[in-house]
Amino acid sequence: MLICTPMFHCSRMAETDGAKVQWKSEWKTDVVYLHVFPRAMAKCVPNISPFAMKLETWLRMNDISYEIIDHMGFSSKKQSPFIMFNEEEMPDSNFIIEYLSKYFKKDTYPGMNPEQKAVGRSFLKMVEENTTWSIFWYRYVEHMTEYRNYLKFQVPEEMQEKVGAGLSSSVKDRAWKHGIGHHSSEEIYKIGSDDIRAISTYLGEKKYFLGDTPSLIDCTLFGFLAQIIFVPLDFPMKTVIQEECSNVLDYINRIKEQFWPHWEDQQL
């Protein structure tokens, strides 16, 4: 059963990164309290964070009870999303999934052989460590003004532009430290586009990325590619999907229809 209520009242507090993380007074055992950037920040997708989208898709895919907690803060590792589970904070989407899969006895790659699992992990890392920067660079660094039409910061209107400029500067700095920010914009988009082509080639005509059974890599690809496909910005990677990789578009829409049947209801 899925429990998704963005507003909450709290009586317990926990420390993460100097901020107070709020606990619902009626918290329940074995319910995942998924702390994400507020749904109200996003248009066209349920959450601006591809990592949050990946994690929530995995919870839905595995029928794990969870509740959305709108939260602007970060975990003790300075990451978002994170969860509170049985009174414990757990940061990082991959470590969260690893823990929950063991706790609930869910296989992240059900029925798959070691070679398929290796492929899944490789593409997961490619998307999270590489492709994502082409998305972030386009919307935060080069097109922040345009992207603000699909992003609502939780601050007064007169501060929207200032907060957007600060986020743009922060992402640019992080990309530089990562290394990808040393490239030109055209080179960054070529990296992202070539990643899309690789995804398309391996996907082929399969229903899911690794065959007939959905797995963690499908959640990951959906979480990230949804940010390109469903947000009406002119991402160069979107052009590649539309003109060269129609199988990727069909694939993402299949996952959306199966695991997000009430997609519009998730956009506040």
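**Core and pocket of the predicted chain**

Of the 268 residues of the chain, 52% count as buried, that is, under 20% relative accessible area with a 1.4 Å probe and protein chains only. The model is predicted, so that local features need pLDDT of at least 70 and side-chain atom pairs count only at pLDDT 80 or more, whereas totals for chains, interfaces and linings use all residues. Residues are numbered from 1 along each chain as its sequence is written, and side-chain values use heavy atoms, with hydrogens and water left out.

The largest pocket holds about 1,300 Å³ of space. A pocket is an open set of points on a 1 Å grid over the protein atoms alone, where a 1.4 Å probe fits, with protein on both sides within 12 Å along at least five of seven lines; lining residues have an atom within 4 Å of a point. The volume is the space filled by probe spheres set on the points, which are joined across faces, edges and corners. Of its 42 lining residues, Phe-51, Gln-79, Ser-80, Pro-81 and Arg-174 lie nearest the centre of the pocket. H3 gives the largest share of the lining, 12 residues.

Note on methods. Helix = DSSP H or I, 4+ residues; strand = E, 2+ residues; numbered from the N terminus. Buried < 20%, exposed > 50% of the residue type's maximum accessible area, 1.4 Å probe, protein only.
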